[in-house]
Amino acid sequence: MKVKGLIAGSIAAGTLFAAQLAHAEDPIKVGVLHSLSGTMAISETTLKDTMLMLVEQQNAKGGLLGRDLEAVVVDPASDWPLFAEKARELIEVEKVDAVFGAWTSVSRKSVLPVFEELDSILFYPVQYEGEESSKNVFYTGAAPNQQAIPAVDYLADEIGVERWVLAGTDYVYPRTTNKILEAYLKDSGVAEEDIMINYTPFGHSDWQSIVSSIKKFGSEGKKTAVVSTINGDANVPFYKELGNQDVSAEDIPVVAFSVGEDELSGIDTAPLVGHLAAWNYFMSVDTPENDEFIGNWLKFIGNDERVSNDPMEAHYIGFNMWVKAVEKAGTTEPSAVQDAIIGVEVPNLTGGTSTMLKNHHITKPVLIGEIQDDGQFDVVWETEDLVPGDAWSDFLPDSKDIISDWLPPISCGNYNTVTKACSGQNY
Amino acid sequence: MRPPFRVNPHTKNQLHRMRLFTAWLCCAVLLFAGRFAIGSEQNDLIDSLAEELRDRKTVAQAIDTIVSSSSEKKGEWLEFILEGKLYVRKSDNKVVSVVKSDGGFTLSAASNDEALGEAGKRDVSKIKINNKLRAKLRAALAQLALSNPDPEKRLEAVEQMLSKLDDDKAEAISKLSATESDPDVKEMMVLAGSVHALENGSKEEQLSAIASLGVNTRSIVSQRLQVLSESEDADIAAAAAESLEKIQKRISIFEKVETVLFGLSLGSVLAMAAIGLAITFGVMGVINMAHGEMIMLGAYCTWFLQYMIPGFIEYSLIVAIPLAFTVTFLVGMVIEFLVIRHLYGRPLETLLATFGISLLLQQSVRTLVSPQNVPVSNPSWLTGQIHIDPALSIAVNRLVIFFFCIAVFMVLMWLLRRTFFGLKVRAVSQNRQMARAMGAQSSRIDAMTFGLGAGIAGVAGVALSQLTNVGPNMGQAYIVDSFMVVVFGGVGNLWGTLLAGLSLGVANKFLEPWVGAVVAKILVLVFIILFIQRYPRGLFPQRGRAAGN
């Protein structure tokens with residue numbers, strides 16, 4: 001045993017030494033941690049391709065710090081524990097300097113301890129439920145106050161909605177988002193009986209009775225809307241059933257937080273026209289930056305039918321922020337980049353400038369779009385200014401006093417402003 | 001002396017004619033000019049609004065202008081805007097209606113239907129509307145449609161206006177109802193009058209409206225009655241409350257009927273998905289984890305057909321059924337020949353092998369087609385609803401799938417019970433040695449039977465493509481449910497599968513509103529586990545000698 005250990009140790013040391021020598025000429029490695037098989041492949045494959053495109057473009061611009069970039073792609077296969085293993089493999093074996101990846105909240109929670117233990121960096125590009133801020137994670141997707149709350153404001157103020165159906169898939173993101181929304185609605189004077197909450201299992205396909213009850217709930221005189229956190233594949237049969245039962249967007253609009261251009265490209269959109277989605281980016285946004293991005297994307301993927309979507313923009317922003325931070329720090333060392341990236345500003349694709357905040361979230365505009373018959377969204381409303389992401393919701397009693405601030409002197413992701421104490425929990 | 005000027009009678013006549021002609025010409029020119037003037041006014045209207053229509057902030061205003069104008073083409077314009085067919089040509093701000101052609105649009109002027117040739121997508125900009133405007137357009141169109149010659153259009157129009165009646169509209173409708181010839185439309189118009197009277201009438205009008213409405217299950221009637229039942233006038237409040245109670249009683253009956261229908265529909269989907277498995281697992285005893293992927297392949301056949309022949313969507317399903325059957329039948333035979341044949345009598349290995357096949361098929365679809373879902377369109381004859389009552393309607397596609405399930409089931413029963421092939425299948429599955437001794441080629445029969453099971457699953461895929469999304473993962477959603485149905489129904493019994501599917505569907509739908517979708521699913525599963533504990537052979541156990549094996 002001892003001899004074996006010694007040999008293994010010296011081999012490891014040797015490899016390490018060799019690796020150190022070769023380091024100067026080596027490309028900078030960037031990890032891409034997105035499922036290419038299994039249930040989440042439908043959404044995550046696109047993000048893998050986006051990352052490959054961004055790396056290719058950066059190399060065409062001359063790389064970073066005079067070195068080439070290299071994307072290391074692994075496939076965690078929609079298997080949550082495998083996400084953690086693959087993350088460890090990327091950081092320890094492949095020695096990547098930053099990882100871009102994960103989609104579902106459970107996969108993010110699964111890799112979190114790995115990134116904290118090895119002190120690496122993860123850019124997480126998807127809208128999520130908040131209530132988290134890790135030193136090692138940068139959240140480039142929307143927090144609830146950058147998607148859900150403005151969407152509800154739009155429905156209440158512009159459409160005059162008074163009754164609310166909060167429909168979601170039964171897991172952590174919808175449950176937390178709906179908890180926040182319920183608290184928010186009650187704060188703004190909506191009565192208990194005017195809120196209906198409904199959860200369905202993953203991949204739910206028979207929506208007959210739920211749509212029928214939504215229809216009944218909406219026929220009692222007050223303007224009704226559905227706020228949908230229904231995830232993934234379950235959306236198609238849901239919208240089809242709405243069409244089946246003659247529920248039009250004019251009677252009961254549905255605003256969705258998980259339906260983007262990519263999801264719509266698999267559906268016949270005729271029965272969906274007029275339903276809404278809230279995102280921070282739409283493919284139809286008319287800006288020069290977006291035109292260029294879409295042009296590059298279609299050329300890179302070699303298919304004119306492909307679409308771009310919100311998490312792609314999040315990766316675009318996150319990648320550019322990382323590049324800027326590395327240039328600012330002069331090194332790819334994760335801990336230096338973690339400090340340098342706070343305050344970095346990069347243009348987003350909707351004509352504004354997004355900033356990395358000290359709580360590791362970014363500023364984004366919020367757009368409400370109506371689904372058109374060509375599977376695109378037409379922006380009907382947007383916030384006047386960029387909205388800063390809020391890690392800890394102000395509408396939940398447990399988290400309203402908590403803030404995240406990764407700058408000294410606080411340097412804490414879970415800081416209670418009343419007791420002036422950091423909870424000690426890292427995320 | 002000059003001779004007297006004599007007019008040739010002939011010439012005179014000519015002169016007269018000429019005068020007449022001149023007069024006529026003058027008139028014609030005048031008339032034409034007048035025509036032209038009116039026409040150009042109309043032209044001006046839509047084209048003068050081009051700028052406003054293009055801007056999202058002013059489009060509502062422009063639509064108001066169109067609605068209040070007297071142009072005879074306004075109905076057409078409003079309809080085009082609603083359907084998203086009205087564009088503005090960027091070069092000269094002309095409003096045009098478009099028909100999509102290859103890579104561009106064929107334009108015609110909105111003002112006078114003059115053909116304006118082709119244009120690229122970037123040469124024109126669409127007049128964009130939102131939900132508020134769509135509602136406004138529909139209301140305006142409904143008002144115009146009140147005088148449409150088609151009675152169905154009139155009926156639709158009145159029905160649509162029911163919840164948004166004001167005094168003017170109600171009066172217009174009541175005037176029209178006097179001359180209305182179609183009884184259905186007339187009835188709807190009278191109903192509209194009563195609904196309006198409920199809110200705005202005098203006490204007598206309100207009371208007579210409550211009486212004449214009777215037990216009407218429209219939601220607008222209940223809403224109005226609800227308000228009246230809290231009225232200060234005791235007579236009205238009592239009459240409204242009484243009427244409301246009757247209505248609610250009827251609605252609650254309809255709700256129960258609806259739940260049963262929903263349950264039967266879900267049940268037919270479950271049974272549909274499970275029938276194929278009832279053969280491969282039920283009759284042959286192969287634990288076939290790749291069953292869901294056969295459903296997926298069938299659904300992909302539908303997509304493939306629609307993708308290859310885009311103009312053929314109306315009939316694509318009819319063709320997709322034999323295509324999906326053939327494809328999955330062949331795939332099933334190949335799987336049987338390559339894998340399952342070598343594993344008979346080793347259920348655990350069969351389970352693992354077929355699970356492997358299912359992953360293999362999923363990933364190959366992901367690689368060959370796309371990891372994204374693919375769009376399958378619904379033909380128009382499968383959309384819409386059959387209205388039995390305002391509170392009860394059935395979706396056409398659900399109804400068709402229910403009867404399709406029954407039909408597939410009947411064909412299968414006939415095949416197994418009444419044909420020589422079916423006899424051999426049953427013989428081999430009941431006693432392989434004896435069947436072989438009697439001259440049945442058991443290996444060929446096995447391959448055919450497995451292929452049949454796979455083929456039926458493929459046909460189910462065609463039906464399911466109309467209800468849910470078609471993607472590499474779709475089979476996964478049905479595999480557990482299918483096993484559940486087959487085991488509950490009694491392995492080896494086709495009737496059991498059908499009845500188990502339907503009863504599980506109905507049970508699920510009765511539980512769902514009560515405990516929620518998640519818990520309903522759990523309860524059904526728990527019930528089946530307990531049931532199988534008590535009756536291990538399911539609802540309809542196989543009887544006879546074969547049952548022991």
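Predicted model: local features only at pLDDT ≥ 70, side-chain atom pairs only at ≥ 80, totals over all residues.
Residues are numbered from 1 along each chain as its sequence is written, and chains are lettered from A and ligands numbered from 1 in the order in which they are written. Helices (H or I, at least four residues) and strands (E, at least two) are DSSP runs, numbered from the N terminus.

**Confidence in chain A**

- Chain A has a mean pLDDT of 89, with 93% of its residues at 70 or more; pLDDT is the predictor's confidence in each residue, from 0 to 100.
- Helix α1 (residues 2–22) of chain A has the lowest confidence in the chain, with a mean of 47, and strand β4 (residues 122–124) of chain A has the highest, at 97.
- Residues 1–6 of chain A have pLDDT below 50, and beyond near neighbours in sequence this stretch has zero contacts in the model. A contact means that the C-beta atoms of two residues, placed from the backbone, lie within 7 Å.

**Two domains in chain A**

- Chain A splits into domain 1 (2–143 + 289–366) and domain 2 (145–286 + 368–388), with bounds that come from an automatic or database domain assignment.
- The C-alpha centres of domain 1 and domain 2 of chain A sit 30 Å apart, and 26 residues from domain 1 of chain A meet 24 residues from domain 2 of chain A.
- On the domain 1 side of that contact, α2, α4 (105–118), α10 (288–301), α11 (310–329) and β13 (363–364) of chain A each give at least two residues.

**A residue to look up: F293(A)**

- F293(A) is part of helix α10 of chain A, and it counts as buried because it has 22 C-beta neighbours inside 10 Å. The cut-offs are 20 or more other C-beta atoms within 10 Å for buried, 12 or fewer for exposed, and in between for partly exposed, with C-beta atoms placed from the backbone.
- Leaving out residues up to four places away in sequence, F293(A) touches S308(A), Y316(A) and L349(A).
- F293(A) and L54(A) are 239 residues apart along the chain, but their C-alpha atoms are separated by 10.0 Å.

**Sheets**

- Chain A has an open sheet of seven strands with mixed pairing, in the order β7-β6-β8-β9-β10-β14-β15. Strands pair if DSSP finds at least two bridges between them.
- β7 and β15 of chain A are at the edges with a single partner strand each, so one side of each has no neighbour in the sheet.
- Strand β14 (residues 367–371) of chain A pairs with β15(A) in the antiparallel sense over five bridges, and L367(A) stands opposite E382(A) in β15(A).
- In chain B, five strands make an open antiparallel sheet in the order β4-β3-β2-β1-β5, with β4 (115–120) and β5 (124–126) of chain B as the edge strands.
- Strand β1 (residues 86–89) of chain B is joined to β5(B) by three bridges, and Y87(B) stands opposite K126(B) in β5(B).

**Where the chains meet**

- Chain A brings 41 residues into contact with 38 residues of chain B.
- Five residues on the chain A side come from α7(A), the largest share.
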